[in-house]
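Subject: Structure handover and notes on salt bridges and the domain interface

Dear colleague,

Please find the structure below, followed by my notes on what turned up in it. I would be glad if you could read the two side by side.

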Amino acid sequence: KQSRNLQYWRLYVLSLVLGIGGSFQYGIQVSVIASPAVHIQSFVNYTWMLRYEAPVDESADQLIWSFIVAVLSLGAWTGAIHSGSLPVTYGRKKALLFNNVVAIVAALLMLFSRMAKSFEMILLGRFLYGYNVGLGLSVHLMYLGESSPKKLRGFLTLTTSIFIGFGKIAGQIIGIKEMMGTEEMWPYLLAVSGLPAILQFVTLLFFPEAPRYLYIDKGDAEGSKRALQWLWQEDNLKLELDDMQKERESTQGEKVKTVKDVLSSRCVRWQLLTLAIPCAGVQFCGINALYFYAFDIFRESGVPEDQMHYLAIGLGATELITVTLCSFLIDRSGRKKLMGYGYLLMGVTMSLLTVMLSIKDLNSWIPYVNIGLIFCVIGIYGLGPSGVSMALPADLFLQAWRPSAYVISGTISWLSMFLVGMLFGYIVDGLGQFCFLIFVVYCFLSGAFLIHFVPETKGKTMVEIMEDFNKLNYKNSGADIEKTKDCLTTKL
């Protein structure tokens, strides 16, 4: 068993390389912006003074800052849209190499923004970072899912989530004032993401293109076999090549599906719902809101200001540890249970948190309970929804549908992140602690949907998974088997 797992070492190294330039960048970009906030705002003010010889007024300053934070998601949305075309035309590997160049340009913009006395360069840099993250996440998942054997697919696609958690912590740690969170260091802090990009650019050159892409999209059976032999160090590849052959025959002469096909076609209707509600909608389970709100709750519990950053790092660490646990559970207990019950538990814990926040003045120990509850919610999120929402989309769609499906899931998750980011401040002002109730409703609905409708996908081939879903897609019509064939071969 041990030697069997060791034979895949090149695949594990590939997942490291993909992670560092892929989802690690997402984690770092989400968290790194929090600590230099004060310095960037004063820089905006300073450049404004230089140009217009008047201080920037409060609301404009707030708006510029919100936009610097939120423009990341708009860039990411652009990247996610391109993830439907670039990796199909040029291949997964070239798409990632191009993507790293984008990140390096963004880092240079950040580096020289102070010298050039321009906060627009920060905005553009954030947008390009966003693009890098949006394209990188999708291609990272495609590449990994298409290079890993069925039994490791869940575990390896989960490394994406582990790298996000890792990136979040890295961003929080380098952002503390003992390291780079100072007045003079912030341009370097914002340029840090250039380093992983350079690293991935150099190392990825030594790896082959994704085997499934070579075989199914390009029809290069030899190249695919060589890539698999190199990555898996295994000569007996008959099963895997047969599976790809089956999928290639079924999609023979079929164009890669467009977004419109995915949205309108009946044979992927339930896959699309599964992608949209629990996976792409993961923003609405309130996790980012919790990260925003955590500081207020810490403050109310009497945590001193200068210690808050360390508690925040604790939250990041909790998420990282639980996501890592999840990666060991996902191929044992299955996707459906982990995510469905995870959502239900999150809903329960957040309802509790809402109640406790309402009565926090009754007793001096209640604020500490609230801190505990926040850690609980983040732990449950890491064990279930966080990880599975990355791994599940890789299981849901066949090769021809996959790129467009990622475009849709990217669109939903990035636009919802933009909305949550821009509006959440106003919602908290309006609703106070009851803002969590919005998320509670979402968690219960998602959990119920998963447990009740979605079939389990662990350890099944792509074609078997599709047959399971067709039972739902064609519930009322008798000719199931015909439909399966039809769904595989439709030329749209």
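With which residue does Arg 92 form a salt bridge, and how far apart are the closest N and O atoms? The partner is Glu 146, with the closest N and O atoms 2.8 Å apart, where a salt bridge is taken as a side-chain nitrogen of Lys or Arg within 4 Å of a carboxyl oxygen of Asp or Glu. This pair links distant parts of the chain, since Arg 92 sits in helix α7 and Glu 146 in the loop between α8 and α9, 54 residues apart; helices here are DSSP runs (H or I, at least four residues), as strands are (E, at least two), numbered from the N terminus. Both Arg 92 and Glu 146 are buried, a class that means under 20% relative accessible area, with exposed being over 50% and partly exposed in between (1.4 Å probe, protein chains only).

Before going further, please note that this is a predicted model, in which local features need pLDDT of at least 70 and side-chain atom pairs count only at pLDDT 80 or more, while totals for chains, interfaces and linings use all residues. Residues are numbered from 1 along each chain as its sequence is written, and side-chain values use heavy atoms, with hydrogens and water left out.

On the salt bridges as a whole, a search of the entire structure finds 14 of them. Arg 92, Glu 146, Asp 217 and Arg 402 are linked in a network of salt bridges, and within it the side chains of Glu 146 and Arg 402 meet at 3.1 Å, N to O. Elsewhere, Glu 319 and Lys 168 form a salt bridge at 3.3 Å, N to O, which joins helix α18 (residues 308-333) to helix α9 across 151 residues, and both residues are buried. Arg 212 pairs with Glu 247, the closest N and O atoms being 2.8 Å apart; because Arg 212 lies in helix α12 (residues 211-217) and Glu 247 in helix α14, this pair ties together parts that are 35 residues apart in sequence. Arg 212 has 5% relative accessibility and counts as buried, and Glu 247 is buried as well, at 1%.

Asp 243 is also found in helix α14 (residues 238-250) and counts as buried at 14% relative accessibility. Leaving aside neighbours within four places in sequence, Asp 243 is in contact (heavy atoms within 4.5 Å) with Arg 212 and Thr 461.

Turning to the domains, the chain is divided into domain 1 (8-207) and domain 2 (254-491), with bounds that come from an automatic or database domain assignment. Their C-alpha centres lie 22 Å apart, and the contact takes 44 residues from each of domain 1 and domain 2. Between them the two domains bury about 3700 Å², 71% of it on carbon and sulfur atoms, buried area being the accessible area (1.4 Å probe) that two parts lose on being put together, summed over both. The count of salt bridges between domain 1 and domain 2 is three.

Glu 53, in the loop between α4 (37-52) and α5, has a positive phi near 50° without being a glycine, and is exposed at 69% relative accessibility. Lys 117, in the loop between α7 (92-113) and α8, likewise has a positive phi of about 50° although it is not a glycine, and is partly exposed at 38%.
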